[in-house]
Amino acid sequence: MARRSGDSEDLIANIILYGIVGTAIIAGLLLCWWSEDQTSRYYRLGAQASQVAAEMEDIDKIDPALEGKLVHATGQAKSPDELKDPLFGISLKAFTFHREVSYYQLVENKHKHKDKDNKRRYEVTYSYYERWVNTPVSSAGFYESRQRNRGVYPLTTLKNLHLVAQDVTFGAYRIPEEFVKSAGESQAISPELTTQKRQELAKELGIREDQLHNIPKGLYIGEDPNNPHLGDVRILLSYVPTEEVSILAKVKGDTFERFHDPKDPDNVNFGEIRTGTVSLEEMFKEVKSNVTWGAWLMRAFSFILITAGSFFLPWDDMVKEWEFFDPLKFALFLFLATVGGTWLANGSTTTGIVLIAIAAVSFPWSCILAKSKPKRR
């Protein structure tokens with residue numbers, strides 16, 4: 001973006017713009033470095049773990065020989081108590097139980113943009129949408145009076161509820177709470193309400209009985225679950241049942257903890273629990289797959305930041321008379337060089353060198369060394 005000499009307003013605008021651009025590029029590079037650093041550490045930790053993991057053959061007695069070791073075990077998990085939602089009369093033997101409440105509300109969005117006729121002024125426009133939100137929305141503060149009248153407060157309001165089982169046992173061992181929270185995938189539940197319970201519930205919630213509907217994943221409060229209206233309420237209920245589970249973790253006394261690199265105890269670590277019978281090899285594959293997917297998502301996000309910033313850099317001012325017309329290649333060079341440098345610093349020499357070499361090839365040297373632009377007369 002060119003800047004007119006002596007124009008203080010353009011100067012300030014350019015400083016702000018290029019500050020944002022520089023921040024985007026730096027943030028993308030730092031994010032890329034951090035993500036690749038964590039990924040390489042996880043891969044290294046996984047390789048170490050696969051060499052030392054042992055099978056726990058009998059979970060019904062504590063084996064001192066397994067103390068401090070990474071083990072894989074399969075068995076029945078049990079909880080002495082049930083998780084209860086007294087409002088809906090639900091009582092379950094489960095690892096976790098969740099009640100998620102959302103409201104169909106009119107939402108106001110505020111848009112601020114420069115006036116087309118006067119760049120020094122800003123115009124503010126408002127738009128309104130009907131959507132599901134996590135908290136009730138009051139229309140009293142809406143800018144447009146017509147929309148204030150349209151807004152409808154929810155038919156009733158409820159708190160979310162998140163319950164976690166305590167004192168979960170695994171044979172002679174105890175499963176720590178952080179493992180309990182991540183055990184398995186949630187299953188939806190739609191409570192069966194008796195006529196009496198339905199009447200009591202409608203009275204407690206302050207709604208008509210015919211406004212209470214069972215849906216596959218919970219309950220719906222409104223006239224028609226298939227045609228939501230402003231003020232309707234949706235309650236999603238889910239739980240993870242206590243059942244046979246597979247654990248990959250480090251033994252600590254009569255319980256488990258996450259496995260980490262003894263040389264790097266404060267950095268990456270992992271511990272897995274899955275419902276059902278999952279083999280040691282499958283659990284390692286799942287850990288690696290999760291790390292890989294996360295790494296690719298972070299790579300994509302960091303590359304977008306770097307690329308977006310590079311397209312707005314003032315190439316004409318920085319490169320002067322040299323022709324430089326491909327900021328995408330420049331972004332690719334920065335990205336690959338950062339990834340390669342991170343892997344090289346973490347001991348993955350071959351991977352690091354290959355990526356840095358690719359980065360060097362991708363960089364548009366031909367553009368920089370091309371003939372200069374014709375000078376203006």
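**View A. Arginine 174 is partly exposed, with a relative accessible area of 39%.** Before you zoom in any further, keep in mind that this is a predicted model. The partner to look for here is aspartate 254: it forms a salt bridge with arginine 174, and the closest N and O atoms are 3.0 Å apart. Aspartate 254 sits in the loop between strand E14 (244–252) and strand E15 (255–257), while arginine 174 belongs to strand E9 (residues 173–174), so the pair ties together parts that are 80 residues apart in sequence. Aspartate 254 is partly exposed too, at a relative accessible area of 28%.

**View B. Arginine 150 and glutamate 130 make a salt bridge.** Here the closest N and O atoms are 2.5 Å apart. Arginine 150 comes from helix H2 (residues 145–150) and glutamate 130 from strand E6 (residues 122–133), so this pair links parts that are 20 residues apart in sequence. How much of each residue can you reach from outside? Arginine 150 counts as partly exposed, with 31% relative accessibility. Glutamate 130 is partly exposed as well, at a relative accessible area of 39%.

**View C. Glutamate 257 and lysine 250 meet through their side chains in a salt bridge.** The N to O distance is 3.5 Å. Is lysine 250 buried or exposed? The cut-off for buried is under 20% relative accessible area, and lysine 250, at 17% relative accessibility, counts as buried. Glutamate 257 has a relative accessible area of 22%, so it ends up as partly exposed.

**View D. Arg208, Asp210 and Glu223 join up in a network of salt bridges.**

View E. Which residues of H4 are buried? They are Lys197, Arg198, Leu201, Ala202 and Leu205. Look down the axis of H4 and these buried residues fall within an arc of 130 degrees, so they line one face of the helix. What do they pack against? Their neighbours are strand E11 (212–215) and strand E12 (218–221). Now check the face of H4 that is turned away from the buried side: you'll find the exposed residues Thr195, Gln196, Lys203 and Glu204 there. After H4 comes glycine 206, with a positive phi near 75 degrees.

**View F. Phe311, Phe312 and Leu328 form a nonpolar patch on the surface.** Together they have about 310 Å² of accessible area. Leucine 328 is part of helix H7 (residues 327–345). With a relative accessibility of 40%, leucine 328 counts as partly exposed.

**View G. Zooming back out, the protein has nine helices and 18 strands.** Of its 377 residues, 40% count as buried.

How values were computed. Residues are numbered from 1 along each chain as its sequence is written. This is a predicted model: local features need pLDDT of at least 70, side-chain atom pairs count only at pLDDT 80 or more; totals for chains, interfaces and linings use all residues. Side-chain values use heavy atoms; hydrogens and water are left out. Buried means under 20% relative accessible area, exposed over 50%, partly exposed in between (1.4 Å probe, protein chains only). Helices (H or I, at least four residues) and strands (E, at least two) are DSSP runs, numbered from the N terminus. The arc is that of the directions from the helix axis to the C-beta atoms. Contact means heavy atoms within 4.5 Å. Patches are made of residues with over 30% relative accessible area and no salt bridge: like charges are joined within 9 Å, nonpolar side chains (Val, Leu, Ile, Met, Phe, Trp, Tyr) within 5 Å. Accessible areas come from the Shrake-Rupley method with a 1.4 Å probe; for residues, only the protein chains shown count as cover. A salt bridge is a side-chain nitrogen of Lys or Arg within 4 Å of a carboxyl oxygen of Asp or Glu.
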